[in-house]
Amino acid sequence: MSAPERIALVGLPGSGKSSVATELARRLGWNCVDTDEQVAQRAGRSVAEIFVAEGEPAFRRYERRALLHALAQAQPTIIACGGGLIADEANRRALLEDARVVLLDAPDDVLLGRLRNGSVRPLLGDDPATALARLRADRREAYETAQVRVVSVGSVNQVAETVMQSLEVDAPALPRRWEVDAGPGVLRSIAGHLPESTTRVALVADRAVADAADAVAASLESAGMAVFRIDVEGGEQLKTWDAAGDVLSRLAQARLRRGDCVVALGGGTVGDLAGFAAASYLRGIGWINAPTTLLAMVDSAVGGKTGVNLSQGKNLAGAFWQPLAIVADTEVLDTLPGRAFRSALAEVVKYAMIGSDDMAAFVHNNLGALLERNPDVIEEAVLRCIAAKTAVVLRDEREAGPRQALNYGHTVAHALEAMGGFSGDITHGEAVALGMRVAGRLSVRELACPAGDIAVQDGLLDRCGFPRTHGFDPGALLDRIEHDKKATGSGVTWVLLRRRGEPSTGHAVDETSVRAALAEVFAP
Ligand SMILES: NC(=O)c1ccc[n+]([C@@H]2O[C@H](COP(=O)([O-])OP(=O)(O)OC[C@H]3O[C@@H](n4cnc5c(N)ncnc54)[C@H](O)[C@@H]3O)[C@@H](O)[C@H]2O)c1
């Protein structure tokens, strides 16, 4: 799999972004997202009305979310960007990192001619000619960052053709990949993600989200589905071979066929179990992952890894099986207990350590608001993490290379969870936090990672309230790590950091070094 193709069209009002985007999407068979349309849909009013009722800053916040949503998609996508979107520095960075940016440009008289017949543009006011000249001057620098400039005169078809030639793109022979919908209330439209072939749905739901499960079942039924409820007790103890067998039998009892679907509604444990059942039943049927914990939203729901634990180790039986859609309803997080919420922040801090500067800045600036559970910041964190993980997974779905970087902190984490007998005494996130502290120390020893970078990591983990140590015996932990790796037939390898933002995978580290790093964290 290669990274998703994304083309972002930017330009002044009237430059033809929306119509050219629609034409490009039609020609290439790609997904099309118009950020202004998304904003209007989300706000339930037109862009002009948002400016009047809520003001420009509110519009810009909606617009940012629309952009992140577009970048989180796993399908090739054309993005028609609102005219001022790229003027914002964070948006610009995100676009230039994840998309090929095309500036559609035309002389003012052409733009004004088109605008006379179009919808109301709040930034143009009563004197469009003067306003347009001002916008052109204000946004010149931002527009100049576009990788390609296309003169947008002539028909929509001609402009679309020029864009395709400039970028040398053609319709890709890529299969359709999973859809992503994230934000408050998105579970209400979950039925829209089912394939046309589906008439029966097995809803594997965590009892902890029984109200949400009732609502999902009702909405699926009203879309004409026969719904079979499989209620489970979420938690690490759920991820067993027996539980998977039980779910599989229930799918057979419900007489699900190839075109039917499983919906997983719960945290990472429910997603891993239900996804594994979907991967195995009839050699694989479709499934939708609807995560209900922050950890599942920012991490486990993305990437198609499904499976259960064996007594010999964590996640030893499983399959790569991508869901048809990930539907992350952030409203469901309202009931998530503090410990489970905080646990997820370990994975968020992990993205700050292995990801882009932009991601690190976001986590630094917003950790306080996340801990206070600010809904807008939670939504942005979810979208950013989904986009970051999607980009990695699409480069390396089977974890042969770059995807291994996502396991930063996980060598120790999996051993800690196994030593606790998967009892949930230590949560996955808490184990990852400790694992990152160890991997950070090894990074300094082995790769001369600046100690300051690891101090920043530890500071973030401290702010989340993760303990600096835990009552595990470092010697026993080392034995367990080696035991886990023997069980999989691979040697012990580590994901380390050369510096923040530069993970390096596959390191075989000398036992003395590992012992010392474990001792620093577990027997300080
Ligand atoms: N597949 C992957 O790529 C991947 C990646 C990371 C982690 N994981 C797995 O994910 C699991 C951890 O996920 P998790 O932290 O979501 O654990 P979890 O599923 O055990 O959920 C944590 C707790 O929260 C409860 N819960 C869930 N949603 C709730 C809600 N909205 N309100 C109240 N309570 C709620 C659950 O019943 C459970 O008690 C681990 O097994 C880990 O191995 C998988």
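**View 1. Isoleucine 288 faces alanine 325 of β13.** In this predicted model, local features need pLDDT of at least 70 and side-chain atom pairs count only at pLDDT 80 or more, while totals for chains, interfaces and linings use all residues. Numbering starts from 1 along each chain as its sequence is written. β10 and β13 pair in the parallel sense, over two bridges; strands pair if DSSP finds at least two bridges between them. Strands here are DSSP runs of E, at least two residues, and helices are runs of H or I, at least four, numbered from the N terminus. β6 is joined to β13 by five bridges, again parallel, with valine 180 opposite isoleucine 326.

**View 2. β13 has both faces covered.** Ala325, Val327 and Asp329 sit on one side, Ile326 and Ala328 on the other, and all are buried (20 or more other C-beta atoms within 10 Å of a residue's own; exposed is 12 or fewer, partly exposed in between, with C-beta atoms placed from the backbone). Five of the five residues of β13 are buried, so the strand is largely enclosed by the rest of the structure. Side chains in a regular strand alternate between the two faces of the sheet.

**View 3. Six strands make an open sheet.** Read across, the order is β6-β13-β10-β9-β7-β8, with parallel pairing. β6 (179-183) and β8 (226-232) are the edge strands, each pairing on one side only. From one strand to the next, the twist averages 15°. Helix α15 (residues 375-395) lies across β6 and β13 (325-329), at about 160° to β6. Helix α11 (residues 268-280) lies across β7, β8, β9 and β10 (286-291), at about 170° to β9. Axes are lines fitted to C-alpha atoms, for helices over the stretch in contact (C-beta atoms, placed from the backbone, within 7 Å), and angles run from 0 to 180 degrees between N-to-C directions.

**View 4. Leucine 265 belongs to the largest nonpolar core.** That core has 163 residues, and Leu9, Val204, Val262, Val263 and Leu265 have the most contacts inside it. A nonpolar core is a set of buried Ala, Val, Leu, Ile, Met, Phe, Trp, Tyr and Cys residues joined through C-beta atoms within 7 Å. Leucine 265 touches, among others, Leu203, Val209, Val216 and Ala290, leaving aside residues up to four places away in sequence.

Conventions:
Two residues are in contact if their C-beta atoms, placed from the backbone, lie within 7 Å.
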